[in-house]
Amino acid sequence: IFALNIMPYISASIIIQLMTTVSPHLATLKKDGETGRKKIIQYTRYGTVLLAAVQALGIASGLENLTSSSGPAVLNPGFFFKFTTVISLTSGTIFLMWLGEQITARGIGNGISLIIMAGIVANLPVALVSTLELGKTGALSGLFIILLLVMAVLVIAFIVFVERAQRRLLIQYPKRQVGMKIFQGDSSHLPLKINTAGVIPPIFASSILLLPVTAMSFNAGSGGPSWLLDITALLGRGQPLYMALYVAAIMFFAFFYTSIVFNPEDTADNLKNNGGFIPGIRPGENTATYIDYVLTRLTVVGALYLSLVCILPELLIAKYAVPFYFGGTSLLIVVNVTMDTVAQIHSHLIAQQYEGLIKKSKLRGRM
């Protein structure tokens with residue numbers, strides 16, 4: 001029932017965010033505050049239902065054409081089987097979407113991200129046991145398994161380091177007079193993350209590369225066009241063309257998504273309106289150009305980092321037949337969600353401590 005997981009919702013969210021750059025209506029909703037945000041969430045839900053139904057129909061078609069030595073996978077193919085399969089899988093995705101929204105509203109952390117992380121972490125014990133079994137049978141050497149575990153720790157540390165890294169631009173505020181008081185000039189920092197786009201580029205890149213495979217699922221067992229078979233073979237996991245296109249798509253979406261979530265011109269205008277400036281840079285257009293220059297250099301490093309982490313499991317599977325998908329989008333999601341959840345827990349604990357201090361001070365004042 002949960003075969004599609006929450007991925008149709010993720011895909012719909014990405015598509016809606018990308019559409020805000022080309023659709024004036026969505027761009028206006030994005031700037032309308034809470035009302036616009038609710039409308040965008042509603043559109044995302046509709047898109048989730050549509051994408052889940054299409055993917056469920058592809059799975060149903062593939063199952064109908066699947067046969068084995070014991071016979072066909074589906075005993076009674078036809079409209080009723082496709083209808084019930086689409087309804088079941090789409091309902092499972094909608095339930096997970098609802099559950100994630102409830103966790104976000106009533107719990108700690110992002111519910112959708114936690115559901116994705118739970119699905120990834122649930123497969124880790126099985127993957128670890130299968131790796132140790134291969135070592136016991138001699139298919140993999142014990143030294144290679146130890147090196148693989150050490151590499152896992154190093155990659156996790158590398159991801160944490162890059163995700164925490166920031167390029168801080170110094171912002172200076174001049175002296176200002178409020179009434180009869182003169183406030184001294186203050187300074188702060190504008191933090192720019194190395195990986196501003198997060199895990200969106202590899203998710204969207206892998207979704208694009210899976211389109212031929214999805215199209216083939218509709219024609220499973222019936223052969224399909226020869227050109228589609230050739231493309232599917234070239235885009236198989238571990239193939240050089242697949243890796244090259246995967247890296248190119250990650251680079252493209254890293255720049256594209258960064259341009260959506262961070263606008264240097266808006267940031268420069270906000271600084272100018274608040275009296276802030278970057279030392280040595282004129283406010284306004286020059287500040288926007290400078291921020292864009294720094295952000296472009298950071299995005300190049302972030303895109304290379306994403307490409308390296310995501311191509312590592314492809315190389316391990318293709319060259320060394322590692323039995324599980326180590327690294328890539330899964331590891332990025334687990335590490336990012338863990339760091340975000342821990343940060344929110346710390347913020348919640350600090351808020352509780354402040355609340356306790358306020359209550360104590362009020363009681364002492366009354367006494």
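Guide: Start with a definition. Helices are DSSP runs of H or I with at least four residues, numbered from the N terminus. By that rule, T48 belongs to helix α3. Keep α3 in view, since much of this tour stays there.

A word on the model. It is predicted. Mean pLDDT for the protein is 82. A score of 70 or more is reached by 86% of the residues.

Now the wider setting. The protein has 14 helices and six strands. Of its 367 residues, 35% are buried. Take the contacts with a separation of 6 or more. Residues 24 or more positions apart make up 68% of them.

Back to T48. Its relative accessibility is 1%, so T48 counts as buried. Set aside the neighbours within four places in sequence. T48 then touches P8, Y9, A12, T93 and M97.

Next, look at how α3 and α4 sit together. Their axes come within 8 Å. The axes cross at roughly 145°. The crossing of α3 past α4 is right-handed. Sort the residues in this contact by class. There are 14 nonpolar, five polar and four charged residues.

Side chains of opposite charge can pair when their charged atoms come close. A search of the whole structure turns up five salt bridges.

Begin with R45 and E101. R45 sits in α3, residues 34-64, and E101 sits in α4, residues 79-106. The two partners are 56 residues apart in sequence, so this pair ties together separate parts of the chain. How accessible are they? R45 has a relative accessible area of 28%, which makes R45 partly exposed. E101 stands at 22%, and E101 is also partly exposed. The cut-off matters here. Buried means under 20%, and E101 has 22%.

Move to E64 and K82. E64 has a relative accessibility of 16%, so E64 is buried. K82 has 28%, so K82 is partly exposed.

Finish with E133 and K136. Where do E133 and K136 lie? They are in helix α6, residues 124-137. They are three residues apart, so about one helical turn separates them. E133 is partly exposed, at 40% relative accessible area. K136 is exposed, at 66% relative accessibility.

R45 with E101 links α3 to α4. E133 with K136 stays inside α6. T48, also in α3, is buried, and its contacts include T93 and M97.

Definitions and conventions. Residues are numbered from 1 along each chain as its sequence is written. This is a predicted model: local features need pLDDT of at least 70, side-chain atom pairs count only at pLDDT 80 or more; totals for chains, interfaces and linings use all residues. Side-chain values use heavy atoms; hydrogens and water are left out. A salt bridge is a side-chain nitrogen of Lys or Arg within 4 Å of a carboxyl oxygen of Asp or Glu. Helices (H or I, at least four residues) and strands (E, at least two) are DSSP runs, numbered from the N terminus. Buried means under 20% relative accessible area, exposed over 50%, partly exposed in between (1.4 Å probe, protein chains only). pLDDT is the predictor's confidence in each residue, from 0 to 100. Axes are lines fitted to C-alpha atoms, for helices over the stretch in contact, and angles run from 0 to 180 degrees between N-to-C directions. A crossing is left-handed if the near helix is turned anticlockwise from the far one by less than a right angle, and right-handed if clockwise. Ala, Val, Leu, Ile, Met, Phe, Trp, Tyr, Cys and Pro count as nonpolar, Asp, Glu, Lys and Arg as charged, and the others, Gly among them, as polar. Contact means heavy atoms within 4.5 Å.
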